[in-house]
Amino acid sequence: LNSGDAGPLRPEFGLAQPRTRRAEDVVRYLWREAFCAEERGAERTALEYSEDAIYEDMTYVEEAWPKDLKEVKKFLKETKKNAPEN
């Protein structure tokens, strides 16, 4: 990822969507493109999640994991807002 001393996270290639639906491409898009977007990063990322998504973040106890799309969107927005670069 393009972070650290280089300043805030920025998309690497400016993709509007994953290159393919392969897991590798979707994950790369989520964390190297959509989430890093200056505008609507969390919303763009959430578009790739299903309505019944469970966001398993190993830095939190299981009870704190977002367990549907509404909770995932909220979690992503809070994460983006609280990122040190912002």
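I take helices (H or I, at least four residues) and strands (E, at least two) as DSSP runs, numbered from the N terminus. The model is predicted, so local features need pLDDT of at least 70 and side-chain atom pairs count only at pLDDT 80 or more, while totals for chains, interfaces and linings use all residues. Residues are numbered from 1 along each chain as its sequence is written, and side-chain values use heavy atoms, with hydrogens and water left out.

Entry 1, overall make-up. I found three helices and zero strands in the protein; from the N terminus the order is α-α-α. I then looked up burial (buried: under 20% relative accessible area, exposed: over 50%, partly exposed in between; 1.4 Å probe, protein chains only). Of the 86 residues, 33% are buried.

In H1 (residues 23–34) I noted Asp-25, Val-26, Tyr-29, Leu-30, Glu-33 and Ala-34 as buried. These residues lie on the same side of H1 because they span an arc of only 135 degrees around the axis, taken from the directions from the helix axis to the C-beta atoms. Helix H2 (41–46) is included in what covers them.

I listed its contacts (heavy atoms within 4.5 Å). Neighbours within four places in sequence aside, Leu-30 touches Phe-35, Thr-45, Glu-48 and Tyr-49.

The largest one has 14 residues, and Leu-30, Tyr-49, Tyr-55, Val-72 and Leu-76 have the most contacts inside it. H1, H2 and helix H3 (69–82) are the elements that each give two or more residues to this core.

Definitions and conventions. A nonpolar core is a set of buried Ala, Val, Leu, Ile, Met, Phe, Trp, Tyr and Cys residues joined through side-chain atoms within 4.5 Å.
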